[in-house]
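Please look over the sequence and the structure shown here, and then read the short report that follows.

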Amino acid sequence: MGKKVKKEVEPPPKDVFDPLSVESKKAATVVLMLNSPEEEVLSKACEALYKFASKGEENKLTLLELGALEPLFKLVTHEDPIVRRNATMAVGIMASHNDVKKSLRQLDVTSAFIARLAPEEDVVTHEFASLCLVHMAVEYNSKVQIFEQGGLEPLIRLLSSPDPDVKKNCVECIYNLVQDFQSRAAVRDLNVIPPLLELLKSDYPIIQLLALKTLGIISIDRETRVMLRENQGLDHLFKILETKEFNDLHVEALGVVANCLEDVDTMQLIQETGGLRKLLAFTEVSTLTDFQKNAAKAIAKAAYDQENRKILHEEEVEKCLVNLLGTDNDGTRIAAAQAISEMCENLASKQAIGAIGIPQLVQLLSSDNEEVKEAAATALVNLTTANPSNASAVAEADGIEPLISVLSAKRDGAVASATTVLTNLATQEPLRLNIQSHGIMTAIVKPLSSTNSIVQSRAALTVAAICCDIDARIELRNAGGLEPLVKLLHSKHDEVRRNACWAVMVCASDELTAAEMTKLGALDILEEINLSFGRKNNFSEAALEKILDHNLPQKYSQSGYLSPSNIISDGFYDYGQVKPGVKLLSLEELSSQELNDHRAIILVNVKSSEPEPTPSTVEEKIQELSTRTGISTSALRKSSKEKTSSTEEKPDSPGRSSSISKSSAREKGSRYVADKMGGPIQRDKLHEFSWELHLSEIEYELKCNVVPIGKINKGTFYHRALLFKVLADKIGVSCSLHRGDYNRAWNEVQLVDDSPLGIPGLLLPPQVYIVDLMYEPGDLMKEGSAVADRYCRI
């Protein structure tokens with residue numbers, strides 16, 4: 001590897017006096033000699049103190065305590081060159097002691113030592129002045145002083161000194177200084193690249209190493225990398241990499257190359273000259289773990305750029321990275337997995353790595369090293385995102401079980417990545433069912449309870465992806481996962497809250513899970529979120545709607561609307577309109593209240609335990625409905641028959657459908673509802689219809705504010721519309737229920753008109769009609785027509 005830098009210079013030539021021999025007990029006497037007016041005495045005293053200080057740290061501290069530093073420093077600027085030289089030697093050797101450095105900073109010595117780097121000073125003065133600056137430059141304030149006092153220029157000039165000690169000290173001092181960005185820019189302007197590259201040819205490894213370290217720092221800046229390329233710096237670096245004897249310099253040389261690889265121009269140049277292929281080959285066969293690790297890091301850094309990713313793919317970097325996954329060093333595995341994550345931005349690389357690297361990454365999920373787990377899981381995230389074939393490959397590599405195991409890992413990053421991979425896999429139904437069979441819903445409870453917002457968000461997304469299956473929802477409910485999920489609705493993080501709303505929406509697909517979440521406060525929280533402009537989102541509104549679909553009394557009172565899919569069942573009650581955020585009391589609570597003068601609560605109790613009616617069970621359904629609602633069996637039987645029979649169409653009239661399927665059943669059903677609720681009412685006699693008194697009499701009779709709908713014989717718009725919806729739901733007729741102002745309510749149906757051209761098979765878009773239950777029962781009024789508007793509004 002070459003010679004080592006000499007540790008100290010040759011002794012100065014003999015003067016008139018013999019050299020002084022200083023022992024600790026005589027040191028104080030020699031220090032006093034520093035005040036002598038004679039140059040020979042001063043020279044000998046400085047030389048003696050230098051030799052005394054060079055024997056160890058204890059002696060340096062002794063001289064400091066004896067007050068030698070200040071007079072020595074004054075002599076650094078003495079007019080006699082020998083005195084200056086010897087004083088510089090003494091202070092330079094003492095400067096390695098921390099206490100001495102503190103004192104030197106107080107004395108503001110940097111300008112004096114920078115002056116000692118002048119060309120007219122001898123080599124020894126250069127050596128120890130630069131040595132002092134090396135020690136001073138480790139502290140920020142001193143770095144600033146050296147920079148501001150012009151110290152960089154003489155330091156760079158002395159990189160070409162014939163003396164290796166001077167070179168070593170100057171390059172080390174520059175290395176310390178360029179940690180600051182101002183100095184990095186300054187050394188570039190002072191053309192530091194050529195002398196640094198020349199130092200790479202030095203016979204002294206320490207000089208080569210320091211030169212590489214300095215290049216590694218300054219090549220962080222793009223402008224410096226351009227200069228390095230223009231000065232054929234890459235050739236010097238690759239010569240070091242190609243020389244086995246320089247193994248101890250390979251890691252630092254690679255660090256400089258890694259910075260250069262960030263530039264597309266440099267990457268292309270290295271590719272064209274074959275350097276990139278050589279670098280990948282070095283990486284695979286190197287026995288230096290740090291080299292392999294740093295090479296993988298360099299690839300990851302270079303892969304930030306799209307063009308660089310393309311070049312790396314052309315050189316088959318994927319094979320190199322996959323091979324590095326199989327090394328025994330965890331640091332190398334981590335770096336390789338991180339590089340794979342970056343390369344996945346290139347679709348071709350993503351596919352190539354997926355074909356050869358997924359089994360190795362799956363294996364790393366079971367590593368004892370938590371960082372390895374995290375890096376492997378993150379790489380799998382990038383490989384499986386929007387890539388079904390790679391997702392399938394993870395399952396084929398038996399990756400589902402270890403991924404679920406990672407959900408209990410110690411590092412939040414590993415947990416977050418594992419949940420994302422599972423979410424990516426769950427987009428394919430066979431994989432989703434496979435994931436579910438491994439107990440994912442039990443394992444996801446811990447991530448849902450995490451304090452890390454990223455983990456919370458990803459876990460909620462996984463729940464949304466898996467819980468489209470009822471068995472998964474049952475498992476989550478039994479595992480206690482609903483409580484932490486509902487708590488996430490309170491999150492201040494938009495993404496967490498959004499994904500939690502998404503998951504709640506999915507989980508609310510069945511009645512039991514929706515009811516459980518309602519008990520946990522999901523309904524109240526979602527209502528609160530949706531009242532906030534800044535917190536609500538599309539999923540919060542959908543989640544609230546989904547939960548309300550299993551709490552129809554609350555939904556109707558709050559929104560004033562029930563869709564055709566909202567089937568009214570046993571226990572439904574119409575409390576009347578409430579403001580958003582107001583929670584209804586239960587039916588039991590309302591029934592136990594004392595009679596009051598508030599609006600009567602209308603109860604429906606028509607739920608059947610049997611399947612939906614079929615022709616063979618219509619009669620049983622009619623009997624049950626009659627028993628529960630008090631409606632005569634003959635009327636129900638007649639309505640049911642008319643619903644399934646073919647009848648003539650009514651004549652055309654303004655605002656009405658000309659030819660409508662099932663119109664007779666709806667018409668007769670509408671008339672039945674009207675008859676049950678007091679018959680048709682003339683529009684101008686509506687104010688004489690005393691339905692309020694009738695309701696009051698029923699309440700008084702029952703001693704209760706809750707009135708069964710079957711007891712009502714005089715009903716207005718909202719009673720009739722509710723009863724029509726109940727009957728329509730029972731016989732399978734699709735209709736919605738809408739609440740208006742001032743006791744108004746109506747039903748809407750969607751019907752398909754016959755083609756006006758009479759073309760068989762040509763279907764027009766369905767039209768919305770409002771069913772008249774008050775004035776001309778059975779009429780259908782087209783939505784938006786004048787007659788419909790008059791019906792819905794006073």
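## A pair that includes R188

R188 counts as buried, at 16% relative accessibility, where buried means under 20% relative accessible area, exposed means over 50%, and partly exposed lies in between (1.4 Å probe, protein chains only). The side chains of R188 and D221 meet in a salt bridge (3.8 Å, N to O), a term for a side-chain nitrogen of Lys or Arg within 4 Å of a carboxyl oxygen of Asp or Glu. Because D221 lies in the loop between helix 14 (205-218) and helix 15 (222-230) while R188 lies in helix 12 (residues 181-189), the pair ties together parts that are 33 residues apart in sequence. D221 is also buried, with a relative accessible area of 18%.

## How the model is read

This is a predicted model, in which local features need pLDDT of at least 70, side-chain atom pairs count only at pLDDT 80 or more, and totals for chains, interfaces and linings use all residues. Residues are numbered from 1 along each chain as its sequence is written, and side-chain values use heavy atoms, with hydrogens and water left out.

## Other salt bridges

A search of the whole structure finds 33 salt bridges. One of them joins K555 to D549, with the closest N and O atoms 2.7 Å apart; K555 is buried at 1% relative accessibility, whereas D549 is partly exposed, with a relative accessible area of 26%.

Another salt bridge is formed by the side chains of K319 and E316 (3.7 Å, N to O), where K319 is partly exposed at 46% relative accessibility and E316 is partly exposed at 40%.

Definitions and conventions:
Helix = DSSP H or I, 4+ residues; strand = E, 2+ residues; numbered from the N terminus.
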